[in-house]
Amino acid sequence: MTEVKVHEKYLVVIPKDVRKALGINIGETVEFVIEKGRAVLYPHRGSTQSVKRVHGIIRHEGTIDEGIEEGYAAMGAE
């Protein structure tokens with residue numbers, strides 16, 4: 001367990017071992033969630049912009065389940 005001090009304006013530094021374990025880099029966003037009386041840190045792994053960039057590039061006719069099955073079949077063929 002790594003312990004940190006709360007500084008003025010309630011700032012905390014994410015320790016290097018935690019950043020490394022979670023893959024957190026400068027400029028990324030993290031979210032604090034209260035779960036069972038504890039604060040849990042969740043790194044955000046995708047931005048709205050990254051989702052918007054790829055939205056709609058894959059075209060598929062049919063249901064989502066059919067698309068997923070086709071994807072798995074294609075991965076198995078590789």
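Is Lys 36 buried or exposed, and at what relative accessibility? Lys 36 counts as exposed because its relative accessibility is 86%, where exposed means over 50% relative accessible area, buried means under 20% and partly exposed lies in between (1.4 Å probe, protein chains only).

## Ground rules

Keep in mind that this is a predicted model, in which local features need pLDDT of at least 70 and side-chain atom pairs count only at pLDDT 80 or more, while totals for chains, interfaces and linings use all residues. Residues are numbered from 1 along each chain as its sequence is written, and side-chain values use heavy atoms, with hydrogens and water left out.

## The chain as a whole

Three helices and two strands make up the elements of the chain, and from the N terminus on they run α-β-β-α-α. Helices (H or I, at least four residues) and strands (E, at least two) are DSSP runs, numbered from the N terminus.

Of the 78 residues in the chain, buried ones make up 4%. Now for contacts, meaning heavy atoms within 4.5 Å. Take those in the chain with a separation of 6 or more: residues 24 or more positions apart account for 0% of them.

## Two lysines with positive phi

Back to Lys 36, which sits in the loop between strand S1 (30-35) and S2. Its phi is near 50°, a positive value in a residue other than glycine. For background, most residues other than glycine have a negative phi.

Lys 9 also has a positive phi, about 60°, although it is not a glycine. You'll find Lys 9 in the segment before H1. Lys 9 is exposed because its relative accessible area is 74%.

## Around the strands

Glu 35 has a relative accessible area of 34%, so it is partly exposed. Skip its neighbours within four places in sequence, and Glu 35 is in contact with Val 40 and Tyr 42.

Over in strand S2 (residues 38-43) lies Leu 41. Again leaving aside neighbours within four places in sequence, Leu 41 touches Leu 22, Ile 24, Val 30, Glu 31 and Phe 32. Take Leu 22 from that list: Leu 41 and Leu 22 are 19 residues apart in sequence and 9.5 Å apart in space, C-alpha to C-alpha.

## Arg 19 in helix H1

Arg 19 has its place in helix H1. Arg 19 counts as partly exposed because its relative accessibility is 32%. With neighbours within four places in sequence left out, its contacts are Ile 14 and Ile 24. The C-alpha atoms of Arg 19 and Pro 43 are separated by 9.6 Å, and the two residues are 24 apart along the chain.

## Surface patches

Patches here are made of residues with over 30% relative accessible area and no salt bridge; like charges are joined within 9 Å, nonpolar side chains (Val, Leu, Ile, Met, Phe, Trp, Tyr) within 5 Å. A salt bridge is a side-chain nitrogen of Lys or Arg within 4 Å of a carboxyl oxygen of Asp or Glu. The nonpolar patch on the surface is formed by Val 4, Val 6, Tyr 10, Val 12 and Phe 32, together holding about 550 Å² of accessible area. One of its members, Val 12, has its place in the segment before helix H1 (16-22). Val 12 is at 41% relative accessibility, so it counts as partly exposed.

There's a charged patch too: Asp 65, Glu 66, Glu 69 and Glu 70 gather in a patch of negative charge on the surface. Asp and Glu count as negative and Lys and Arg as positive, with His and the chain ends not counted; the place of a charge is taken as NZ of Lys, CZ of Arg, CG of Asp or CD of Glu. Glu 70 lies in helix H3 (residues 64-77), and it counts as partly exposed because its relative accessibility is 48%.

Notes: Areas by Shrake-Rupley, 256 points an atom, 1.4 Å probe, with all protein chains shown as cover.
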